[in-house]
Amino acid sequence: MHRLDEWWRGAAIYQVYVRSFADANGDGVGDLAGVRSRLRYLAELGVDALWFSPWYASPMADGGYDVADYRAIHPHFGDLAQAEQLIAEALDLGIRTIVDIVPNHASDQHPWFRRALEAGPGSPERERFWFRPGRGPDGHLPPNNWQSQFGGAAWTRVPDGEWYLHRFAAAQPDLNWQHPEVRREHEEVLRFWFDRGAAGVRVDSAAEVVKDPALPDLPSGRAPDPHPYFDRDEIHDVYRDWRKVAESYTPPRALIGEVWLPDPERFARYLRPDELHTAFNFGFLTCPWDAGRLRETISSTLAAHQPVGAPATWVLANHDVTRTVTRYGRAETGFDFAAKAHGIPTDLALGRRRARAAALLSLALPGSVYLYQGEELGLPEVEDLPVDVIDDPMFHRTAGADPGRDGCRVPLPWGGGTAPFGFTSTAAGAPDTAVDAWLPQPSQWSELTVERQSADPASLLNLYRAALRLRHAEPGLGDGTMTWLPSAPQVLCFSRSATFACVANLGGVPVDLPVHREVLLSSAVLMDHQLPPDTAAWLRLP
Ligand code: GLC
């Protein structure tokens, strides 16, 4: 039996990308007042918590993952008083708040980095980051061969000749976690947000924070073990300290890691009882729409979590990956984050059908579940954004070879027949069509607005609402265990209690439903007690 305050074990958590959620002040950029104006929508959807992508003061070189002040709200989004109000108002509706903490790097506009630049080579100010002289006769070559995750070298040279490390964009200098002040500062930032009512934090790039101070070249071929900047053992001490901070609160606060690690055992080490509480399950997100591979992914996920006692998480989408209906609408439905490509033939109707089934599948699995804003509307990836509006450094650092992630960050369509579809309104709440949303929305999104889908009983939005309602009411759902039931190879079938089962048909032909008393919910219309292709159903067992 788990403690009542362990809400995160079975929660449905909704990711808000503030910039693209709702704009209340009419400037084309989402803001906190916009979120506050839509809290009722989120309560009616039935989510338990909101995770806000970074809302801090930032030059927005990477959509806010370049933080200039971890304690201030970006002026485009609002101010600290509004954030506190939002946290309180959400809680009044039974919704907790999770903030995004970015420990691996700061913005190049963070006061620490500015001081480090001014102070010059050899100064203590530079030790909070990774400054090094270059290689070659006049130091014109980077200190090692590490590459930025966004393309190009992971080093940038400053005018005095030294180089600094940035595993992401040049505007995101990596912090030195060997430095006691870096560790102390982040613990204080955690307390700052916990004191303001945050129920937990999402830890950005959680497996990459600690570096080998020798900064060795990466050998070509196989990844070295230990790796100089990935999943290093010392990282676990950081999260043990954070856990103590989280546990010093009543109720304890939750730590949720963004841990991209293919090895389930290495992954589970982050979830030991004195470290992070949960971490995103990217194995599930990256798994193709294939029954055998999904069964294997689900089983190995649960097997890896079991020894550490942590609940699994189920994630289909976030602000970094191609939207679900587009991914599932492709013949090769695997993941295309690293080699994201546009222009691949996509059958959106098929993708939508599968996304509906995937929603019922993921909401029935044991543990917590994440929804990324717009997933409940079945928004597709926008793959034809004009080049001049693209903001993502991934696009720019690869000279467009990688289309970047803006296609999944296009502002939400709320209502009406033309862009900005109620995303942008004046302070008085009147639609203001004079202002464009910061990224243009496709005209076809008139079909996908919250308003349209609310009025359509068969919409994906109403499927999510019904499923989340049932998930709360059904004692077997959320945290707990599952049992695979016998099924054909192209079918996934499992029970969550003596009386509840989920069945999903990923094959090309209809299959008979297992013996049941009642169909509680299905992702498509069922005929003759059969489950059509790419359909899932929740069943009451006899
Ligand atoms: C994480 C974020 C991503 C960001 C990166 C650098 O992967 O999810 O959006 O670009 O970290 O902070």
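This is a predicted model: local features need pLDDT of at least 70, side-chain atom pairs count only at pLDDT 80 or more; totals for chains, interfaces and linings use all residues.
Which residues of helix α4 are buried? Good morning, colleagues.

Helix α4 covers residues 111-119, and its buried residues are Trp-112, Phe-113 and Ala-116. If we look down the axis of α4, these buried residues fall within an arc of 95°, so they line one face of the helix. What lies over them? The cover of the buried residues of α4 includes the strands β6 (131-132) and β8 (163-165), together with helix α5. Just after α4 comes Gly-120, which takes a positive phi of about 90°.

Helix α5 leads us to the next topic, its packing with helix α6. Helix α5 spans residues 180-195 and α6 spans residues 235-247. Their axes are 10 Å apart, and the two helices pack at an angle of about 30°. Because angles under 35 degrees count as roughly parallel, α5 is described as roughly parallel to α6. The crossing of the two helices is right-handed.

Which residues make this contact? On the α5 side they are Arg-183, His-186, Glu-187, Leu-190, Arg-191 and Phe-194. These meet Asp-237, Val-238, Asp-241, Trp-242, Val-245 and Ala-246 in α6. Sorted by class, the contact of α5 with α6 has six nonpolar residues, five charged residues and one polar residue.

I turn now to the backbone. Most peptide bonds are trans, and most residues other than glycine have a negative phi.

Two concern cis peptide bonds. One joins Asp-225 and Pro-226, with omega about 0°. Pro-226 sits in the loop between strand β9 (200-203) and α6, the helix that packs with α5. The peptide bond from Ala-419 to Pro-420 is also cis, and its omega is near 10°. Pro-420 belongs to the loop between α12 (393-397) and α13 (450-454).

The remaining two concern phi. Ala-399 is not a glycine, yet it has a positive phi of about 50°. Its place is in the loop between α12 and α13. Is Ala-399 buried or exposed? With a relative accessible area of 76%, Ala-399 is exposed.

Asp-528, likewise not a glycine, has a positive phi of about 50°. This residue is found in the loop between β18 (518-522) and β19 (530-531). At 70% relative accessibility, Asp-528 counts as exposed.

To return to the opening question, the buried residues of α4 are Trp-112, Phe-113 and Ala-116, and α5 is among the elements that cover them. Thank you for your attention.

How values were computed
Residues are numbered from 1 along each chain as its sequence is written. Side-chain values use heavy atoms; hydrogens and water are left out. Axes are lines fitted to C-alpha atoms, for helices over the stretch in contact, and angles run from 0 to 180 degrees between N-to-C directions. Helices (H or I, at least four residues) and strands (E, at least two) are DSSP runs, numbered from the N terminus. Angles under 35 degrees count as roughly parallel, over 145 as roughly antiparallel, 65 to 115 as roughly perpendicular and the rest as oblique. A crossing is left-handed if the near helix is turned anticlockwise from the far one by less than a right angle, and right-handed if clockwise. Contact means heavy atoms within 4.5 Å. Ala, Val, Leu, Ile, Met, Phe, Trp, Tyr, Cys and Pro count as nonpolar, Asp, Glu, Lys and Arg as charged, and the others, Gly among them, as polar. Buried means under 20% relative accessible area, exposed over 50%, partly exposed in between (1.4 Å probe, protein chains only). The arc is that of the directions from the helix axis to the C-beta atoms.
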